[in-house]
Amino acid sequence: MPGWSVHVDRTRCLGCGVCAAYAPGSFTQDDEGLAVLCDPPVDPLDEVRAAVDSCPTGALSLAITDVATIEREG
Ligand code: SF4
């Protein structure tokens, strides 16, 4: 686990693809075009944070779960 997690609120996702553009190793889109988190997500936290902050509907919520892992792996 990368030391963080992202919740996708599918009721708010428009399927615009901005999150996948900012962090293509962490977000993709399903058959409905809605965002899903990759398993495992592989982008640095800075790119994931940019993706979360760029979502036009606020559908993404970032939670830090393990600071030590983030400091070690970025
Ligand atoms: S940026 Fe937001 S609205 Fe666009 S696909 Fe990602 S989660 Fe959905």
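**Exercise 1. Decide whether Gly15 is buried, partly exposed or exposed, and place Gly15 in the fold.**

Step 1. The classes are set by relative accessible area: buried is under 20%, exposed is over 50%, and partly exposed is in between (1.4 Å probe, protein chains only).
Step 2. Gly15 has 27% relative accessibility, so Gly15 counts as partly exposed.
Step 3. Gly15 belongs to the loop between β1 and α1. Helices (H or I, at least four residues) and strands (E, at least two) are DSSP runs, numbered from the N terminus.

The model is predicted: local features need pLDDT of at least 70, side-chain atom pairs count only at pLDDT 80 or more, and totals for chains, interfaces and linings use all residues. Residues are numbered from 1 along each chain as its sequence is written, and side-chain values use heavy atoms, with hydrogens and water left out.

**Exercise 2. Assign Leu45 and Glu71 to an exposure class.**

Step 1. Leu45 has a relative accessible area of 6%, so Leu45 is buried. Leu45 is part of helix α2.
Step 2. Glu71 has a relative accessible area of 66%, so Glu71 is exposed. Its helix is α3 (residues 67-73).
Step 3. The C-alpha atoms of Glu71 and Gly3 are separated by 9.0 Å, with the two residues 68 apart along the chain.

**Exercise 3. Find the peptide bond that is cis, and locate its proline.**

Step 1. In general, most peptide bonds are trans.
Step 2. The bond joining Asp39 and Pro40 is cis, with omega about 5°.
Step 3. Pro40 is in the loop between β3 (35-37) and α2.

**Exercise 4. Describe the largest cavity and what takes up its space.**

Step 1. On a 1 Å grid over the protein atoms alone, a cavity is a set of points where a 1.4 Å probe fits but cannot get out; lining residues have an atom within 4 Å of a point.
Step 2. The count is one cavity of 30 Å³ or more. The largest cavity holds about 100 Å³ of space.
Step 3. It is lined by 16 residues, and Cys13, Cys16, Cys19, Ala35 and Cys55 are the closest to its centre.
Step 4. The lining has eleven nonpolar, five polar and no charged residues. Here Ala, Val, Leu, Ile, Met, Phe, Trp, Tyr, Cys and Pro count as nonpolar, Asp, Glu, Lys and Arg as charged, and the others, Gly among them, as polar.
Step 5. The ligand takes the space of the largest cavity.

**Exercise 5. State which residues and elements build the largest nonpolar core.**

Step 1. A nonpolar core is a set of buried Ala, Val, Leu, Ile, Met, Phe, Trp, Tyr and Cys residues joined through side-chain atoms within 4.5 Å.
Step 2. The largest core has 18 residues, of which Trp4, Val6, Cys19, Phe27, Val48 and Leu60 touch the most other members.
Step 3. At least two residues of this core come from each of β1 (4-8), α1 (18-22) and α2 (45-54).
Step 4. α2 supplies the largest share of this core, four residues.

Methods. 1 Å grid on protein atoms, 1.4 Å probe; cavity = no way out; pocket = protein on both sides within 12 Å on 5 of 7 lines; lining within 4 Å. Sits in = over half its atoms within 2 Å of the grid points. Points joined across faces, edges and corners; volume = space filled by probe spheres on them.
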